[in-house]
Structure formats: C-alpha cells, structure tokens
Amino acid sequence: MKKLYIETLGCAMNVRDSEHMIAELNQKEPYELTERVEEADLIIINTCSVREKPVSKLFSEIGIFRKYKKASAKIGVTGCTASHLGRDIIKRAPIVDFVLGARNVSKLSTVIDKRHAVEVDIDHDDSSYAFGEYRTNPFKAMVNISMGCDKSCTYCIVPATRGDEISIPTDLIVGEIKKAVATGAKEIMLLGQNVNNYGKYFSSDQEKCNFTELLKRVSRINGLERIRFTSPHPFHMGDEFLTEFASNPKICKQIHVPLQSGSTSILKEMKRGYSKEWFINRCQKIRELCPEATISTDIIVGFPGESDKDFADTMDVLEQVRFEQLFSFKYSPRPLTAAAEYSNQIPNEIASARLTKLQARHTEIVDEIMNAQMDREHMVYFDELKPNGRVSGRSDDGKLFFVKGSEDLLGKIERVKVIKTSRGALDGELLMVNV
Ligand code: SAH
Ligand code: SF4
Ligand code: F3S
C-alpha cells in the first residue's frame, strides 16, 4: 500500500480538510498514513497563512523534505498558503508537484497525477463539500457547516484564501452527522469561520435555517450526545442564540468568543462590528444564563495604532471576563489585507512586551481557575488511550482529563472527580456510576 505523510497547520478547518483529503485519496487508491517522511510516497503540507511565520517556514520545510524523501515521492502544498501564493510556490520550489487551494479539496484526485498542477480558485459549487468518510478519531467527528467568510476584518487574510461565505445545505449536514453517529461518534464539532452566521448564504433553494435552528435540528439526532462548534462571532451573538446555547443539554458548555481587542476604537479599525461594551455584555449574558460555561478567546496585540490606553482596555476585558482559555498573537501584517498598508505599525518590542504582559496575567487567572477545580465532578467523554494505563477525554466544558483505565472506557461518558490539578489538564478518578 502507498504511504501518505500529511502535515496539518492552522485551524480546525484545516484539520477537517486533511481528513477530507485522506478520504478523497482513499476513494481512488488506499493510502496508509505514516509519520516518517522518508518512507512516504506522497507528502502533503496543509498550510496556514494567517500569520507570516508559518509561511516562511513552509519553504525551509520543503527544502528539508527534498533531502529526506524517496526520489519517487510527490510533494503537494495545500490549504490557505496554497490559495494565497498559488503558482508562485512552484516557481520558488519546483520540487513541489502540485498546489491545491483551501477551497479545492475535492479536486485532489485530479491534480495528483499532473506535474505542476495548480488549482486555487475560490469559486464554489454544491459538489465541492460532499466527501467520502474519514476521521482521525472514531469517537468524535468534525462537520463543516459553512465555508469562507463574509467579513473583512482588516488584519485577516482568510476571506482571500477561503473565499465568500457559503452555508452548506442543512440536509447534507444532518445526513453527515447521522452517518458519523452510526459509526461511533457521540460528539460532533460544527465548523465554520462564523458559525453563528449560518443560513445567510445557501447556494440553492432550501428552507430557511439559522444557526440556532440548526443546533435544534442537530440536537434531535438520536445517539448524538454532545455538540460543539467553532468559531462563533461576537457580532452575531444575539439572545436567541445564547439562550439555545445555555438551555440545550446536548450543547457542550464551552464557547469561543474571539475578542481580538478590548478597545472600541481598535475594534473599529479592525472592522469587527462590535464595541468593548457589547463584548462584555455578551460574556456577562453567557455567565448569567450558564454559570458553568467556559469562555475562550483570541486576542491580537500590537494592531496598527494600538496605544497604551487601547492595550489597557484589552487587559480590562481580560480582568472582567476571566477567560478560561486564551489564544494570543502579535499582530502580523498580511498581504491582501487593509491593515498591512496602515502607516502606524507598532514596533516589535512594544508588541512583544504587551503580549508577555497579557499572557502572564492570563496564566495567573488560569491557575486560579484550575486550582479551584480540586474535588469537583465532571462528565468526561473518553476518546484516547494514553501510555502508562491512562485514558484521556474532555469534560462538557472542554477541560482535558486523564484517568487510570483501559480501552474499555473509550467512547463512554463517565462521572469523574478531580484529584489533581495543573494548568493544562486535570487528573481524575472515576466515580463508577455507569461502569
Ligand atoms: N473567524 C475567526 C478567526 C479565524 S483566524 C474569528 O473571527 O474569530 C484565527 C485567529 O488568528 C483570529 O481570531 C486572530 O486572533 C488571529 N489572526 C488573524 N489574522 C491575524 C494577523 N494578521 N496577525 C495576528 N493574528 C491574526
Ligand atoms: Fe478573519 Fe474576521 Fe473572517 Fe474571522 S471573521 S475569518 S477574523 S475576516
Ligand atoms: Fe490558517 Fe486558513 Fe485556518 S489561514 S487559521 S488555515 S482558515
């Protein structure tokens, strides 16, 4: 059997695209996955373009793969950098055999046999989101509900790499989830750049269905026990959606509310469409409707023109919301974005100092939150066997748990008591309710 080495960078959508690519390949000819480049017949680098660093790393990585790969092995570059740079990738690195954009996954089997094929258009049709089945973890499934993005946040390259937003037909989504449930998935993750904008851009006639209605429909699927989704946009977090989030027992009580900046004037420059006050109000609403929910966020520091006062607003939102999880980045100017042209770029030392301060304070907050977990009980869905007789899983609110156990636990949801806390994960013991 041929061997495939696939490296996946970037967000959950790229992880799902990699699964789709494996499914596409397998429909033509079965491939076995390998973690060793030197034995692969096909090497795929599924790239991310959201910040500059991973893009420059791509070319050094291609150089390394060139040294170690089998002479006959093909190299494909896929994902958002493929969409963004297109044929330039082959010009710069002719060793690359094909380039396949993030919106072109379904064309993989057509480019694979053509030397120097490039497929990067960001148009779409209904056939391009129906794929064969493949998932990395048998106990949970990722399901795309929309592609692309209809926003134009001034720092972000994603609309240029993933194209216009389109909502996938509801029946297709429900059908895909039913199939995943029938083959062992109790948990699904609904994916899109703005999931709670779902239903605005159907490409064909279908009944109206917004994100809240989609959640209701999906939650009626028998055998499905847990629903997660990422990423929702704060602008679309109306009361109807938050009430459904809080009251639907199948929806996991973990929500990503990407802040980006706590300063209303920077948010305006970013074209995020909400203010500091709206953001805090939405988080308060989540805490009020659903006190057990955890809130995660993304923050960019050093956006052009960000003053000390603007940054103080970001720190203030951190204090007020006390995010359970934070993904924070230094602003990285990207081609094809408006903010890259702004003249008031922030010096690197200032952005670095702000990032350090933000992360240090957040670490203190997380330590307080995690230490307070001692002796608490959670329902944990076990999905991975670990070395040394341990099994891992996630609580409903997204915390990573480890317990002693065997593969018998896999695919089960059990009550677990926290016996040891740390910053990134919790050790627990089973309370043996259902076992
Ligand atoms: N659709 C999602 C974001 C997808 S990009 C949303 O609106 O929240 C993932 C994250 O990368 C963003 O939330 C942002 O924090 C970060 N990001 C995007 N562009 C960036 C840039 N130019 N520099 C630094 N971080 C960036
Ligand atoms: Fe990028 Fe903004 Fe779209 Fe998110 S909503 S993908 S940050 S443009
Ligand atoms: Fe990166 Fe593309 Fe996702 S740029 S964050 S892989 S949408």
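Colleague: Which domains does the domain assignment of the chain give?

Modeller: Three stretches are assigned: domain 1 (2-119), domain 2 (140-369) and domain 3 (377-432). Keep in mind that this is a predicted model.

Colleague: What separation is there between the centres of domain 1 and domain 2, and how many residues does the contact take from each?

Modeller: Taken over C-alpha atoms, the two centres are 27 Å apart. The contact involves 19 residues of domain 1 and 22 residues of domain 2.

Colleague: How should I read the area buried between domain 1 and domain 2?

Modeller: The size of an interface is often expressed as the accessible area lost when the parts come together. Here, about 1700 Å² is buried between domain 1 and domain 2, and carbon and sulfur atoms give 57% of that area.

Colleague: How many salt bridges does the rule find across this interface?

Modeller: It finds two between domain 1 and domain 2. A salt bridge also joins the side chains of Asp 17 and Arg 162, with an N to O distance of 3.0 Å.

Colleague: And how many residue pairs are in polar contact between domain 1 and domain 2?

Modeller: Nine, counting pairs with both residues at pLDDT 80 or more.

Colleague: Which elements give two or more residues to the side of domain 1 that touches domain 2?

Modeller: Those are helix 1 (12-28), helix 2 (52-68) and helix 3 (80-85). Helix 1 gives the most, with eight residues.

Colleague: What classes of residue make up that side of domain 1?

Modeller: The side touching domain 2 has eight nonpolar, five polar and six charged residues.

Notes: Residues are numbered from 1 along each chain as its sequence is written. Chains are lettered from A and ligands numbered from 1 in the order in which they are written. This is a predicted model: local features need pLDDT of at least 70, side-chain atom pairs count only at pLDDT 80 or more; totals for chains, interfaces and linings use all residues. Side-chain values use heavy atoms; hydrogens and water are left out. Domain bounds come from an automatic or database domain assignment. Contact means heavy atoms within 4.5 Å. Buried area is the accessible area (1.4 Å probe) that two parts lose on being put together, summed over both. A salt bridge is a side-chain nitrogen of Lys or Arg within 4 Å of a carboxyl oxygen of Asp or Glu. A polar contact is a pair of N or O atoms within 3.5 Å; within protein, one must be able to donate a hydrogen and the other to accept it, and residues adjacent in sequence count only if both atoms are side-chain atoms. Helices (H or I, at least four residues) and strands (E, at least two) are DSSP runs, numbered from the N terminus. Ala, Val, Leu, Ile, Met, Phe, Trp, Tyr, Cys and Pro count as nonpolar, Asp, Glu, Lys and Arg as charged, and the others, Gly among them, as polar.
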